[in-house]
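Look at the model first, then read on.

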Amino acid sequence: MDRVKSSMQQVPNAIPKVIRRTGGANSLELERENFERVQAVSINKAINTQEVAVKEKHARTCILGTHHEKGAHTFWAAVNRLPLSSNAVLCWKFCHVFHKLLRDGHPNVIKDSMRNKADLTDMSRMWGHLSEGYGKLCSIYLKLLITKMEFHIKNPRFPGNLQMSNRQLDEAGENDVNNFFQLTVEMFDYLECELNLFLGVFSSLDMSRSVSVTAAGQCRLAPLIQVILDCSHLYDYTVKLLFKLHSCLPADTLQGHRDRFQEQFKKLKSLFYRSSNLQYFKRLIQIPQLPENPPNFLRASALSEHISPVVVIPAESSSPESEHVVETDDLVDTDVPVLPAPLETKFDDLFGTSAAIDPFNFNSQNGMRKDDKDRLIEQLTREIQALKEELESFRLESGRLCQALRGRVNELEAELAEQSHLRLQAVGESEFLKAELDDVRRVREDTEKEQRSLTEIERKAQANEQRYTKLKEKYTELVQSHADLLRKNAEVTRQMTVARAAQDEVEAVRKEMQEKVKAAQEAADRQEREQLEQLQQLQRELVSSRAELDSLKTSMASSQQSSEVLGTQLAALESEKAELVQSLSKVEAELSARGEELERVQSSLVTERESRVKTAETLQNQLNEKESREQALESQLAVARWASLQGAVEEAEKIIQDSLAQIDDPAHISCTSSADYLASRCQASLDCMERLNSTRVAFLADNTGVSELVRAVTQSGHLVGDTIVQGSATSHMVPVEQADALSESVKVCGAEALALLGQMKQQDGLAAADSGKLKAALEAVLATAEKLRPRGLELQQGELGDLVEQEMAATSAAVESAAARIEEMLNKSRAVDTGIKMEVNERILASCTELMQAIKELILSSKDLQRDIVESGRGAASMKEFYAKNSRWTEGLISASKAVGWGATVMVDAADLVVQGKGKFEELMVCSHEIAASTAQLVAASKVKADKDSTKLHRLQQASRGVTQATAAVVASTKSGKSQIEETDTMDFSSMTLTQIKRQEMDAQVLVLELEMRLQKERERLGELRKKHYELAGVAEGWGEDEEGTG
């Protein structure tokens, strides 16, 4: 009844018909109206007040609608009319649908939804006042959705479903460590909201009941599928970003990140585990399992161990709405079997439809008919029971097969994810190597460009020098021409002075002539006035006296003559005046010409002076520019020289730091060296220190000779680093006290070298750099190496020669004895053993006999070759003197002979124990390998001084190959016998119960673990024994002391 009520409480249609059907409506309007109607129906069916899970088909229709209209306008138009604030179930289902749209909808859904962020925030705050039920869950879910929208708005490169490749993840941070740091913090906040919703849903459910198969439980659990998908991607990206941050930043800076990741890792792992056990999720999603321990970000190689969690949604899985929802009342098992429909049909076909009402037909059957029906009913009942059992077995078998197939599919998917991760890692490594190669090429190109630019600068400097020389010559010429012009200017000035003096004289003459003319004119005027007065007087006298006419005529004639003379004088003065005027004009013209010439000369002189001043200024500027350019080039060269020196010093520091790092490297423990080689390296380092000191002093005196100092610094770095490495390797070969002292000495040497290089990196500290401490450290290492040099076996000449013969004879005797013992063991085995055991023993002892014969042949060949070597190399000396002279070679022969004899004896003892059934086949195989190694040592010691064309040397090599083949035969027969004997012991578990098998399985596992631990310990013990053996053999026999003598 409650379900019927809830199904009737449907939310009214939320979208009004904005576009009405009118007579003029076109096809687009009809299509839009149909689209809105379909979306409204799907949204109302998906988001309702029924406490059931959202049906997948309705949510899918809403998602397709966002892609159709490229946004979420229709969705929000419908949602804004729903009473989300009054019904918690309605709000919960809205959050589920909205989460699906954000993940799988159109990318514009996030942008369109940001307009409603304030409403969602208010709604989350309102539902947060409730402390239980859907209200609290709605508040948490709304906070998650708001955080998701803000994250995608801040990081638009991330799609809604968070699926990105490693390359896209790198591009999202734009190769900036600050961006990666902030992005990691935002992902932590995002994942924190997801985990809060996870915990809120689980805390609201009663996990003691089967809530995952109820409608109410599925309503709360359904949104967690989207949360699981988000969490898997966020966890994967967080791990990768933290590894990237740890490669760029110090570990202390990221301590907070690591603590927060540890906390979220524990929560996520627990929630994934709890979710994978719910029946509801098993049919819908395959939840990944996180590793047992979180990744170790302090170890960069741990990234290769990280496997991205993959969430698999099976394609054939049914959607939530197609599953059978079981009510709480239906969970009670009444144990009433339900007959299958086909059986009921068969029953009706046999007895008619009335059998369903009265199956035994008591009213119309007699007793005989009733017995037949009873028998038939019992028979049918038995058949039904058999069919039920068969059906149940089929169901169990199909379930088992499905479970096995699911497990295999999960394994294949995990392998596929791992292979994909490895492929991506390999691609990343290849890209990283390509980037490094490009960087190296770029650095090389930059170096070549700098070299070319330096050559170009030098060439330009030479050209500037030549240009400066030419300009200097030109400047000299200009100075000379300027002096000539100054002299010409003085001459012109003097000429102008003379001209001006002449002009002054002409002006004075002109003034004097003008005064004379003026005086003559005044005299003529005065005479003319006087004559007029006289004429007037004569006229008056003519009127008064005619008598005196003759006398007057005579006087008048004389006056006329005087006037003519005056006229002549006046004409002469006029002509003289004209001549003076003409000469004055000529002088003035000449003066004007001279003035114009003077002005022209002055202007040309001024112009020439200005041009020469400008030329001088230009030359001075060019000279200044050249000097400044030369100073700049000199400073650049000085910087380049210092940069090259600093680069050499830094490279030497890296070499020494790498050498110091190798001391603490566990892989370096297996490296060994000799004291002689260490002493030679120390001496070379000391010589290089002398050279470094001399080149440093020369550089301080003249900083142009930087190349010698760079070479000296580089060579000293290599030699000191080699000394440190060889010193550490030599310490692995000496006793503990001496090893500690030597290790401390090389560390002090490395520290002093770094201190010296640190002083040389500073310009002010280069002069004060003192290599005395480093020399003292190197001398200390050299002294320690001298003490560690082996002294060899101090034997007399006669003792050493006799010892060779004795050891070779003892080895031959040991081999003969071993062969006799093997023959005796073979006879005993034939007399006692039978069957497979006798066959295995005969095969093993026969191969051991063949090995002894091959060793015997090898010893004889070695003796012949040694005799030949002694005869050809001793000269006039005796055999004992030859052995004493080549003591190192003799000691090698003695050691090899001892090893062969000891190996033969031990192999015979091991074969005896194997034949008796008390020994192990592995001991016999190990002895065979040891004999092969000892014979190889004997061959090497024998042929080290032999002639390569010697026939006895070829015979020795053939004997050595025979020993190798015989050793292989012993190992092969031992393995074959072991497998043949083990096959006889078959394991029969047919009579054991399940409990006994489980108990023996646990005992076997315990034994396997014990044997593995014991194997590991024995391997470590074997390594220590070999190391100690090598040390003792080196000290006793002087390995590596006189390499030229052994050559």
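His-96, His-99, Lys-100 and Arg-103 in helix H5 touch Gln-226, Val-227, Leu-229 and Asp-230 in helix H12. Contact means heavy atoms within 4.5 Å. By class, this contact has 2 nonpolar, 3 polar and 3 charged residues. H5 spans residues 88-104 and H12 spans 224-246; they pack at about 35°, with axes 10 Å apart. Axes are lines fitted to C-alpha atoms over the stretch in contact, and angles run from 0 to 180 degrees between N-to-C directions. Helices are DSSP runs (H or I, at least four residues), numbered from the N terminus.

This is a predicted model: local features need pLDDT of at least 70, side-chain atom pairs count only at pLDDT 80 or more, and totals for chains, interfaces and linings use all residues. Residues are numbered from 1 along each chain as its sequence is written, and side-chain values use heavy atoms, without hydrogens and water.

Now the spaces.

| Space | Volume | Lining classes |
|---|---|---|
| Largest pocket | about 1800 Å³ | 23 nonpolar, 15 polar, 11 charged |
| Second largest cavity | about 50 Å³ | 8 nonpolar, 2 polar, no charged |

On a 1 Å grid over the protein atoms alone, a cavity is a set of points where a 1.4 Å probe fits but cannot get out, and a pocket is an open set with protein on both sides within 12 Å along at least five of seven lines; lining residues have an atom within 4 Å of a point. Where does the largest pocket lie? Domain 1 (155-314) and domain 2 (374-521) both give residues to its lining, so the pocket lies between them. H17 gives the most to that lining, with 12 residues.

Technical notes:
Helices (H or I, at least four residues) and strands (E, at least two) are DSSP runs, numbered from the N terminus. Ala, Val, Leu, Ile, Met, Phe, Trp, Tyr, Cys and Pro count as nonpolar, Asp, Glu, Lys and Arg as charged, and the others, Gly among them, as polar. Grid points are joined across faces, edges and corners, and a volume is the space filled by probe spheres set on the points. Domain bounds come from an automatic or database domain assignment.
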